[in-house]
Amino acid sequence: MKALLFSFFTLLCILFSCQPSPKAQDGGEEDAQEEFVDTTPKATAIFWIDKHKEMPGQPSKRPGAVRTVKAKVNIHLAGRIEVLSYVKPQKGYIKSYINRRLETFRVRKVLMDSAYIKPGVQYVQLRYTPEKVEH
């Protein structure tokens, strides 16, 4: 019995001594591992480009799907948005739909005057409902 306990404790000591310490993990493997760094800046605003207002008295529809596209845009002083590029590649019909919606879409004057949305080149999220997109 004593021999069995002695061998069990010996085995435990060997197992715990073979594990690397946390200090050795931080310093030794730092060169081997590379951390993922997202180089795309965060979006400064989210714009619902095809959201429509419900008329009072009309029954609301059930919720539909929503898609988000991250894009580099130029926001003009008048509130017009011009897409410069997309972060991820988009299909042609989605690009044309977004451009068609942005022809009439304007950033609200209140948001521009309060400096919540600043004019210039920046990354934003454009949200749309895919059921309205025509292929």
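## A nonpolar surface patch

Met-1, Leu-5, Phe-8 and Phe-9 form a nonpolar surface patch of about 480 Å² in this predicted model. Patch members have over 30% relative accessible area and no salt bridge; nonpolar side chains (Val, Leu, Ile, Met, Phe, Trp, Tyr) are joined within 5 Å, like charges within 9 Å. A salt bridge is a side-chain nitrogen of Lys or Arg within 4 Å of a carboxyl oxygen of Asp or Glu. Areas come from the Shrake-Rupley method with a 1.4 Å probe; for residues, only the protein chains shown count as cover.

Leu-5 lies in helix H1 (residues 2-18). Its relative accessible area is 42%, so Leu-5 is partly exposed. Buried means under 20%, exposed over 50%, and partly exposed in between (1.4 Å probe, protein chains only).

## Basis of the model

The model is predicted: local features need pLDDT of at least 70, side-chain atom pairs count only at pLDDT 80 or more, and totals for chains, interfaces and linings use all residues. Residues are numbered from 1 along each chain as its sequence is written, and side-chain values use heavy atoms, with hydrogens and water left out.

## Overall layout

The protein chain has 4 helices and 4 strands. Their order from the N terminus is α-α-β-β-β-α-α-β. Helices (H or I, at least four residues) and strands (E, at least two) are DSSP runs, numbered from the N terminus.

The chain has 135 residues, of which 20% count as buried. Its accessible surface comes to about 11100 Å², with 57% belonging to carbon and sulfur atoms. Contact means heavy atoms within 4.5 Å. Among contacts with a separation of 6 or more, 77% link residues 24 or more positions apart.

## Gln-122 in strand E4

Gln-122 sits in strand E4. It is buried, with a relative accessible area of 14%. Its side chain makes a polar contact of 2.6 Å with that of Thr-44. Such a contact is a pair of N or O atoms within 3.5 Å; within protein, one must be able to donate a hydrogen and the other to accept it, and residues adjacent in sequence count only if both atoms are side-chain atoms.

Beyond four places in sequence, Gln-122 also touches Ala-71, Lys-72, Val-73 and Ile-75.

## Two loop residues

Phe-105 is in the loop between helix H3 (92-104) and H4. At 16% relative accessibility, Phe-105 is buried. Its contacts beyond four places in sequence include Phe-47, Trp-48 and Ile-49.

Ala-115 is in the loop between helix H4 (109-113) and strand E4 (120-128). Its phi is near 65 degrees, a positive value. Most residues other than glycine have a negative phi.
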